[in-house]
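Have the viewer open as you read.

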Amino acid sequence: MAFNYLKTAFATIVIISLGCKKDAVPEKKPTSAQPEKTRAEQTVPFDTLTKTIHIFVALCDNKYQGIVPVPAGIGNGQDPNSNLYWGCGYGIRTYFKKSKEWKFLRSTKSGGDILERIVFRHAAKPDQYLVADAYDGQYIKQCTQDFLNSSAGKRKDAITIEDKTIGIGGNAQLLGYIGHDGLMDFELDETYKNTDKKKRDVIILACFSKMYFGPHLEHANVDPLVWTSHLMAPEAYTIHDAITGYLAGETNEQIRTRAAKADNTHQKCGEKAARKLFITGW
C-alpha cells in the first residue's frame with residue numbers, strides 16, 4: 001500500500017475516531033479452530049522462567065462491526081495483511097516487526113476465528129516473549145470473551161517456541177486487547193471472576209474501554225495499566241511504548257505517560273488531551 005494512501009487513510013481515521021458507534025450488528029457464531037496446537041488448559045507445565053505478553057487483536061471490520069466504515073482496503077476483517085490493526089503501517093504485526101526492541105520469530109495461520117498468530121522475543125530480555133493473535137473481525141465477540149477469560153485466569157494455554165513451552169492466555173503476565181469496543185454492540189452473559197488468585201496486568205485500547213470493560217473485569221483481579229475514557233485510535237505505537245515502560249519496571253503512571261506521549265506523537269492531539277484519554281488503575 002502506497003505511503004500517501006496510508007497517510008490519507010490514517011488521517012480519515014483520526015477524524016472519525018475509527019468510527020466507533022453503538023449500533024448493534026448481527027452476531028456470527030465463532031469457529032473453534034486455533035492457529036496452532038495449544039496445551040490443555042491449566043494441565044500442562046510451561047517454562048515459568050519465561051514471561052509472556054499476549055495481545056488479542058480484533059481485526060477492523062466494516063461489515064461485521066458496529067463502526068462507521070473505514071476505507072475498504074483497511075477495513076476487511078478477513079484479510080490480516082491489509083487490515084488497519086494488523087498489516088498496515090501502525091498495525092500490530094507491521095509495527096512490532098519494525099521495532100528494534102523485538103525479534104520476530106514465527107507466524108502461523110490456520111483459518112478459523114484466529115487468522116494469524118505471531119510470536120516475538122525481546123531483543124534485550126531473552127526470557128520475555130510477545131504473542132499476538134489476529135481474530136477474524138466477524139468474531140470480535142469471541143476475541144473479547146477470550147481476552148476476558150484469560151484476564152480472569154479461566155482460559156490458560158501454552159505454546160512451544162524455540163524449544164521452550166511458554167504460557168499464553170491466563171498463563172501470560174500481561175494481556176492486551178486492541179480493536180473496536182464490541183461491548184458497545186453486544187452483551188455478554190458470562191461472569192469473569194478470578195479463578196486462581198493471580199493478579200494479571202491488562203492494557204485495553206478500544207473506545208471507552210474503562211466504561212465498557214470495567215464492569216466485566218471488576219472481579220477478575222486485574223491491574224489495568226492503560227485503558228481509555230473516550231474515543232481513540234487503537235494503533236500499535238501506544239501499546240508498544242506502554243510495554244517498553246512495563247518491561248523497564250516503571251510505575252503505572254509512568255506507563256500511562258508513555259502511552260499518552262506515543263498517542264500525541266502520532267495523532268497530534270496534544271499531550272494534555274492524550275493524558276485525559278488514557279487512564280491507569282481503577
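## Starting at Lys164

Lys164 is partly exposed, with a relative accessible area of 28%. Keep in mind that this is a predicted model. You'll find Lys164 in strand β6. Leaving aside neighbours within four places in sequence, Lys164 is in contact with Asp47, Thr50, Pro126, Tyr129 and Ile159.

## Positive phi outside glycine

Asp163 belongs to the loop between β5 (156-161) and β6 (164-169). Its phi is near 65 degrees, a positive value in a residue other than glycine. Is Asp163 buried or exposed? Asp163 is exposed, at a relative accessible area of 82%.

Phe208 is another non-glycine with a positive phi, this time about 55 degrees. Its place is the loop between β8 and α4 (209-217). Phe208 counts as buried, with 16% relative accessibility; the cut-off for that label is under 20%.

## The sheet

Now for the strands. Eight of them, in the order β2-β3-β4-β1-β7-β8-β9-β10, make up an open sheet of 8 strands with mixed pairing. Which strands stand at the edges? They are β2 (102-108) and β10 (278-279); each has a single partner strand, so one side of each is left without a neighbour in the sheet.

Helix α5 (residues 236-247) packs on this sheet and touches β1 (51-58), β2, β3, β4, β7 (174-178), β8 (200-205), β9 (222-228) and β10. The direction of α5 makes about 160 degrees with that of β8. Back among the strands, β3 (residues 114-122) and β4 (residues 128-135) run antiparallel and are joined by 7 bridges.

## Helix α6

Helix α6 (residues 252-267) lies across β9 and β10, running at about 25 degrees to β9. It has 16 residues and reaches 22 Å from its first C-alpha to its last, close to the 22 Å expected at 1.5 Å a residue. Just after α6, Lys268 takes a positive phi of about 55 degrees.

Which residues of α6 are buried? They are Ile255, Arg256, Thr257, Ala259, Ala260, Ala262, Asp263 and Gln267. When you look at that list, remember that an α-helix has 3.6 residues a turn, so residues three or four places apart point the same way.

Terms used. Residues are numbered from 1 along each chain as its sequence is written. This is a predicted model: local features need pLDDT of at least 70, side-chain atom pairs count only at pLDDT 80 or more; totals for chains, interfaces and linings use all residues. Side-chain values use heavy atoms; hydrogens and water are left out. Two strands pair if DSSP finds at least two bridges between them. Helices (H or I, at least four residues) and strands (E, at least two) are DSSP runs, numbered from the N terminus. Contact means heavy atoms within 4.5 Å. Axes are lines fitted to C-alpha atoms, for helices over the stretch in contact, and angles run from 0 to 180 degrees between N-to-C directions. Buried means under 20% relative accessible area, exposed over 50%, partly exposed in between (1.4 Å probe, protein chains only). The expected span of a helix is 1.5 Å times one less than its number of residues.
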